[in-house]
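Dear colleague,

Please find below the structure for your records.

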Amino acid sequence: CSEPACPNHCNNNGICVNGVCECHEDYTGLDCSGFRCPSGCNGNGICNVNDTCECSAGWTGLDCSLASCIGNCSGVGLCHNGKCFCPAGRQGVDCSVKACPNECS
């Protein structure tokens with residue numbers, strides 16, 4: 001006798017038990033084709049028990065796809081792709097330095 005086949009052979013993301021896929025940790029679905037977390041956390045974090053991403057240091061976003069900025073740009077700058085864009089009057093890699101007006105003259 002042969003064992004019942006699983007849909008899509010569980011996409012190699014699980015094991016087939018009596019025709020039903022038992023998915024590996026990060027996968028879900030009848031054929032284990034879906035990620036438990038958004039985009040599988042893009043390899044930059046882990047999927048926690050609530051099926052949300054816990055990003056590794058240096059990454060942020062719902063799916064850990066965004067590079068984070070040093071010191072969150074000191075709460076005054078705009079972070080984009082891991083780089084701080086500082087408002088007028090602030091400078092430095094994390095916008096923590098107050099700029100000197102008129103080049104301090």
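**Contacts and overall form**

Among contacts in the protein chain between residues at least 6 apart in sequence, 3% join residues at least 24 apart. Please note that this is a predicted model.

The protein chain contains 12 strands and zero helices. Read from the N terminus, its elements run β-β-β-β-β-β-β-β-β-β-β-β. The radius of gyration is 23 Å, well over the 13 Å that the globule rule gives for 105 residues, so the protein chain is more spread out than a compact globule. Along the principal axes, the C-alpha atoms fill a box of roughly 90 × 20 × 15 Å.

Of the 105 residues in the protein chain, 20% are buried. The chain exposes about 7,200 Å², and carbon and sulfur atoms supply 52% of that area.

**The nonpolar core**

Which residues form the largest nonpolar core? The core has five residues, namely C37, C41, C47, C53 and C64. For C37, the contacts beyond its neighbours within four places in sequence are with C47, N48, D51, T52 and C53. Two of these partners, C47 and C53, are listed in the core as well.

**Two loop residues**

The residue N50 is found in the loop between β5 (45-47) and β6 (53-55). N50 counts as exposed because its relative accessibility is 61%, where the cut-off for exposed is over 50%. The C-alpha atoms of N50 and R36 are separated by 9.2 Å, and these two residues are 14 residues apart along the chain.

The second residue, V76, lies in the loop between β8 (66-67) and β9 (78-80). Its relative accessibility is 36%, so V76 counts as partly exposed. Leaving aside neighbours within four places in sequence, V76 is in contact with P87, R90 and C95. The C-alpha atoms of V76 and S96, which are 20 residues apart along the chain, are separated by 8.4 Å.

With kind regards

Technical notes
Residues are numbered from 1 along each chain as its sequence is written. This is a predicted model: local features need pLDDT of at least 70, side-chain atom pairs count only at pLDDT 80 or more; totals for chains, interfaces and linings use all residues. Side-chain values use heavy atoms; hydrogens and water are left out. Helices (H or I, at least four residues) and strands (E, at least two) are DSSP runs, numbered from the N terminus. The radius of gyration is taken over C-alpha atoms; the globule rule is 2.2 Å times the number of residues to the power 0.38. Buried means under 20% relative accessible area, exposed over 50%, partly exposed in between (1.4 Å probe, protein chains only). Contact means heavy atoms within 4.5 Å. Accessible areas come from the Shrake-Rupley method with a 1.4 Å probe; for residues, only the protein chains shown count as cover. A nonpolar core is a set of buried Ala, Val, Leu, Ile, Met, Phe, Trp, Tyr and Cys residues joined through side-chain atoms within 4.5 Å.
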